Each structure stands twice: as C-alpha cells, then as structure tokens.
Amino acid sequence: MSNKSTTLTNVPLLDLNRQYDPIKDEIKNILLDVFEQKRFINGPEVTELEKQIVSYTGANYAIGVSSGSDALIVSLMALDIGYEDEVITTPFSFFATAGSISRVGAIPVFCDINPDTFNIDPDQIESKITSKTKAIMPVHLYGHPANMNEIQDIAQEKNLLILEDAAPSLGAEYNGQKTGSFGHASAFSFQGAKIATSGEGGIFLTNDSLLYENVSKLGDHGRSLTKPLWNDEIGYKYKMSNIQAALGLAQLERIDELVDKKRKIFKWYSERLDSISGIQLNSEKTNCKNIYWMTTIVLDKSFNISRDDFIRKLKEWNIDSRPAFYPLSHMPMFETVHNPNAEYLSQNGINLPSGHNLTEDDIDYICNVIKNILGSD
C-alpha cells in the first residue's frame, strides 16, 4: 500500500456512520402522505410509530418525543427524580446520559464499566449506593445490552428505579427480551447516526400506565389529557412531528434488515482483525444479541501508537473514525472520579466506519489499511 495517491483515486470517504442508503419508495410515500394531508403535528404517523415500537419492543406504552435526550429528561422528571437525588450510571457514554441527570438537578454517580461489554459493571454498583440514591441508569452501549438481571436484582433489593438509556440499541436483546422493555422508563434515540433514524427524534417507553400519562402531559406543556386547552401543571415541549414519525416508521419497517447488516459488517471486521494480537473488538455475551451499532477496536499499548495518531493515519487513507467516548467523570461540570476501565477504553478505543452502506470490499480495504498501520501484514 505504498502508492497512496493511486490507491485513493477511486476510494470515496468511508464515513463513520452516515446512512447513505437511498430513500426508498416506502419512505417517499409516507412523507408524501404527510404533505398531502398538510398535518404536521398530532397526526396518525406519530400514533402509528408509538404502536409499532410497543409491538416491537414488548413495552406497554410509547411516546414519540423530540430527541432521545429529551426522553431521558422527561423520564427523570416523571419519576420525580430531582434536586440532589443521586442516579448511578456509567461514565462511558454520550454526554446526554449524565447531562440529563444534571439537567433535572440530580447528581450523576459514575460506576466503572465491564471492559468486555463496555457497559456498567453491576459488581461495582452497590458500593455507589447511598441514602440519596434514587435510580440506576444503565446504557446499552454501542448496541450491547447491559447486564439487566443483576441490575434488576440490585434495584429490587435496594428499592431503586431503573431508567434504561437504550438510545443506541434498538433491536438488541437480553435473554430474548428487547432492550427498552426492562426499566421503569426507557429512552431510544432516532438521531441521524442511529440504526433507525428520523433525522432527530426519540421514544419514551414504560410499562406503567400512570407514568405514561404523566409523561404525556409533561411533554405537552402540562396540558390536561381530557380538557382541551386546559393546563394542570407547567410542562415542557418535547413532542415529535409527523415528518419525524414518518421517517421513523419507514426505518422501523426494515429494522431487522438493518440489524442484520450491522451484524454482518461486524462479522466482516471480526474475520479480518480478530487474529491480530493486541486488538480487542466488541463482544457479545451468550445471553445477548448485540446490534453492533458501532464496530469498535481497542488497541493494546504494545502497538506504540496513540489513539489520535491512529485516527489521523486512517484519515490519510480516506477512512473516517472517531475516538471512543471520553469518560464523563473527567468532564469539567462533574466531580472527577477515577474509573480505570472507562479511562483505558477512552484512551485506546476507536469507532470504525459502521454505516449500512458499507460493502465487504470496503471492509477489506479498511482492514488492510489497519494492518498496514499496525505493521501486521
């Protein structure tokens, strides 16, 4: 691979996770229906998306909201989690996980992760519980389910709530049960890079009818559910538009196809990289189904190349990538906490291109470049 200029001549930028998949006829038709009806809010598309999400996940109730982050915030408010309450969560996640906790006045308490699954380690949760602890917020990171049996056991014994941050895990399963159906409340994201996208948007889920009614009101300015134009309380504006819901419906109709492609992409990576000593890829525990939203590699320090230098070298070959999440427990708005597993993964983890458009030839090219950079040809 010494002649870089000729190698790159016909190689488009292999983007991290953008969905290049063309807009299919079913998406066009759903969107056309929205425009022809000239009804952009409170329409049948939102109701149908909520119905389909309930059917797919097994949760009892769903509400379309403006983002996955808003789904987390409104869940916390509806669960009456607020000022100086503590919520135990992972330090290895997107900012919204901890940011939503702080936004309602509560305190995120960071519990280190399992280095294999990248998810919160249940064995370390109990040591974080205090008299102020109200809930546990696990994240099904990169599409691998958290260890929900152990988390549920701890929550039941300690009388704690569970709020699933299921944002990146639509289609993932734990013991045959879909993520998003375990917690007192759960949140999915339909943000542009997620496995199913509506551009922006999110879904709140719960099995509790009273919690469902509370979130329905809070997300719509506190309006009465029975009396038009009457407000029972001061709420917020977290509603999903019909256009967002229409896009989400079209994606949800082919979710199994999208999950299968993500799993195939990971399989291609694994077949080509798994034998290289010093590389760790995403795992999949025997009782879990990982959707591999992001294929991730963790480089052993024996390679003598920093994460950032590795990313720069990939970019020279027109391969997009990004660092694994920075530990939330090191960000300036939170109390600094030492979480060695999260810190190690942050320093050495890289998310590789994972979009649905990738072909096996693309993965061949990426893996050959990786081997070249690491001197493993």
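This is a predicted model: local features need pLDDT of at least 70, side-chain atom pairs count only at pLDDT 80 or more; totals for chains, interfaces and linings use all residues.
Helix α4 spans residues 68-78 and is mostly covered, with 10 of its 11 residues classed as buried. The buried positions are Gly 68, Asp 70, Ala 71, Leu 72, Ile 73, Val 74, Ser 75, Leu 76, Met 77 and Ala 78. In general, an α-helix has 3.6 residues a turn, so residues three or four places apart point the same way. After α4 comes Asp 80, which has a positive phi, near 60°.

The cysteines were examined next. With a disulfide taken as a pair of cysteine sulfur atoms within 2.5 Å, the count is zero. Cys 111 has a relative accessible area of 0% and is therefore buried. Cys 288 is likewise assigned to the buried class, because its relative accessibility is 11% and the class takes in values under 20%.

Ser 346 is located in helix α11, which covers residues 340-348. The relative accessible area of Ser 346 is 4%, so this serine is buried. A polar atom of the Ser 346 side chain lies 3.1 Å from the backbone oxygen of Phe 325. When residues up to four places away in sequence are set aside, Ser 346 touches Phe 92, Arg 307, Ala 324, Phe 325, Tyr 326 and Pro 327.

How values were computed. Residues are numbered from 1 along each chain as its sequence is written. Side-chain values use heavy atoms; hydrogens and water are left out. Buried means under 20% relative accessible area, exposed over 50%, partly exposed in between (1.4 Å probe, protein chains only). Helices (H or I, at least four residues) and strands (E, at least two) are DSSP runs, numbered from the N terminus. A polar contact is a pair of N or O atoms within 3.5 Å; within protein, one must be able to donate a hydrogen and the other to accept it, and residues adjacent in sequence count only if both atoms are side-chain atoms. Contact means heavy atoms within 4.5 Å.
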